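Have the viewer open and follow along.

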Amino acid sequence: MAGPSALWEALQALLPRTKEELKLELGEKVEGSVVMLLQEAAELFHGGQRRKCLQTCEVLLDYSWEKLNTGPWQHVDKDWRRVYAFGCLLKAVCLCEPPGDAASVAAALKACDMGLLMGAAILGDILLKVAAVLQKHLLSGKRPAPGPSQELPGTKKARNDHMPIPDVMTERTVPRLHCPSLQYFKKHFLVPGRPVILEGVANHWPCMKKWRASCVPSGFSPVEQPKDIGYLAQHQLFDQIPELKQDISIPDYCCLGDGEEEEITINAWFGPQGTVSPLHQDPQQNFLAQVMGRKYIRLYSPQESEALYPHDTHLLHNTSQVDVENPDLEKFPRFAEAPFLSCVLSPGEVLFIPAKHWHYVRALDLSFSVSFWWS
Amino acid sequence: MDEERRGTWFGFGFCGFGQALGSGLGRQVHSPEPVRMPGGSVDVCRVSASWSYTAFVTRGGRVQLSGAAGGAADGYTDACASEELLVLLRAGPGAGAELQAWAPGSALRGEPLWSHAVQEAEHGPNRDETQAGLLPLLPCARAYVSPRPSFYRPLAPTLRARRLELGAEHALLLDAAGQVFSWGSGRHGQLGHGTLEPEPEPRLLEALQGLRMAEVAAGGWHSVCLSETGDIYIWGWNESGQLALPTKSLAEDGKTTAGEASGLDEDGSEVKRVSAGEDGAPAPFIAVQPFPALLDLSPGSEAVKVSCGSRHTAVLTRTGELYTWGWETDPGFIYGSSSPSLTHSWCGI
């Protein structure tokens, strides 16, 4: 790792020269009290009072975080996200004041991540630049996997233990087809509810080339529930950033359903290596298109539901209690015998997950996928 | 209603805006300290704390603001402070009571943003039960005040409301029979009906049916109520340990709430903060509790008062002990303490 002072200088070079430039233009939604704190933070920073600046940043982050968590994400005023990003920026830089250690730099990078994921672009996308500098300076050269949190025990979480890529050849695999006709797909997979990987369907999407280049497409915004990094499900991403719609297309097979095209829910799923979606089922048909990275996916038929021990509360009855790759067979004995299909889904491939089919996902790499829920 | 006793107001928490908390020396006050009013000690009977300022109301009818918002005015009996709006209840001669909403930055000069004449409660057999002198529930208990438009919201006449609490996205109502109703957004389980679904109308908490509740309080995304026998029921979001249940960060880091801080009580003697033990082994954690859960503070303790911040909870027992738990910050760190800490013990108050 390059010396702490080299890092510090690199960061200073990214920041505005003067205190006056280190500010945000904000609308009425942001209360005067918060504007006061923003000014105070900038002054403390320029006055070299890092510790107090950090304290003020924490207050700004706490307060704006609560705004980000109030109401549906679509209604969160962008100015609050900018306030949050500002707090993350100053916090990240303050944490890198020499003599910094690897832990502080890692914490600074985490602050940048939070600002990038929950905040909005400020000061010419400065957080992206700061993150890039921090990444380069980290000892191992590897970006530490951020620690996620979950809303419900049954939702997304990440696993950091080094789990090997499963040997899919010894497991029964999901069949693969190259551009089947609509009728063939309907007769053999949609109607009987059988999973299949469709090749040649999405590999031509512009995003397959474009999005692999950058790690975090700017403009990402998390959804209502998990508001922490680790795994972001981005509802209506494509409504917020219409340009991204041009990079994907709804699989033709969706026209076999009963619903309208407008009713198809498109979600984007972005997460680091190791991100796990615990075994669960969804009520609708799903096409999961892999854009970047690979995913290990296991599928169980709804007929096996009892052997998967779903939670018995109303809230979680579509989520299994079993940790698929590390099951407690004393508690869940029947799980061992439940038959399943598995696969490693690679970029350009689309997996058809029939409605109510139980599925478990683990990202083998930094991964980006797009799912289409349709009926 | 108990006869009001004069006492001393204590405050603690973040006061980076110069709110009249404690000695005013630090930006954070970690243990309760007596409140210092601008202009010397006065006879405060109501306090409403928002994030960046506090509103004090004296027995003489003066409302005084301290912190990011300043100013004072006479002729008021109650105040409800929030960042967007300060709502005041103006005393009126006879039936002339009026509700006023002010922008906090106005320093109470000029005109209020809006005002609304308040109907006096009708005399009748129901009068005692519908009496509720505290905002946001208005004296006639037929409506309540919300810091967001529409500011004045009537309640269904069938609800004989005794107390109303507003969270960031939900509302809790305690009625005359000790039943609890909730409505609003349920995304964090704060409604207590066992789902994450919203409720547009007040809905009875069936899980608590049959238990008479004495107090309710709402935090940002969690809810608490106390039964008449002093039991605590709590539900909603636990991401900062505000439900006193294990949180993910504590489970992961193995942090405990060990560590003591001392405070001063009235006679100047030190009071140590004692934490309930928690083993540091990574444990299962609860992020959302969508049903009321019973919380045991300590054997034999009876809770009599409860209050919530956006992500923390405070309970006062009959014997004068104050317990707090939930979100705390320290310079440079944020951690959740999900074990109730005995924050302060007042004897003889």
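In what sense do strand 8 and strand 9 of chain B pair, and over how many bridges? The two strands, residues 86-90 and 98-102, run antiparallel to each other and pair over 5 bridges. Keep in mind that this is a predicted model.

**The sheet in chain B**

Zoom in on that pairing and you'll find B:L89 standing opposite B:L99, which belongs to strand 9 of chain B. Zoom out, and the pair sits in an open sheet of 4 strands from chain B, ordered 7-8-9-10 with antiparallel pairing. Strand 7 and strand 10 of chain B form the edges, each pairing on one side only. Going from one strand to the next, the twist averages 15°.

Here are the strands of that sheet with their residue ranges:

| Strand of chain B | Residues |
|---|---|
| Strand 7 | 76-81 |
| Strand 8 | 86-90 |
| Strand 9 | 98-102 |
| Strand 10 | 114-117 |

As for chain B as a whole, it has 2 helices and 27 strands. Of its 349 residues, 50% count as buried. If you take the chain B contacts with a separation of 6 or more, 44% of them come from residues 24 or more positions apart.

**The helical core in chain A**

In soluble globular proteins, nonpolar side chains tend to be buried together. The largest nonpolar core here has 58 residues, and A:V34 and A:L134 have the most contacts inside it. Helices 1 to 6 of chain A each give two or more residues to this core, and helix 4 of chain A gives the most, with 11 residues.

What does A:V34 touch, leaving aside residues up to four places away in sequence? Its partners are A:L60, A:Y63, A:W80 and A:V83, plus B:W51 from the other chain. Apart from this core lies another one, of 28 residues, including A:F189, A:I266, A:V350 and A:F372.

**A closer look at helix 4**

Helix 4 of chain A covers residues 78-95. From its first C-alpha to its last, this 18-residue helix reaches 26 Å, close to the 26 Å expected at 1.5 Å a residue. Why call helix 4 of chain A largely enclosed by the rest of the structure? Because 16 of its 18 residues are buried.

Notes:
Residues numbered from 1 in each chain as written. Chains lettered and ligands numbered in written order. Predicted model: local features only at pLDDT ≥ 70, side-chain atom pairs only at ≥ 80, totals over all residues. Heavy atoms only, no water. Core = buried A, V, L, I, M, F, W, Y, C linked by side-chain atoms within 4.5 Å. Buried < 20%, exposed > 50% of the residue type's maximum accessible area, 1.4 Å probe, protein only. Contact = heavy atoms within 4.5 Å. Pairing = 2+ DSSP bridges. Axes fitted to C-alpha atoms, helices over the stretch in contact; angles between N-to-C directions. Expected span 1.5 Å × (residues − 1).
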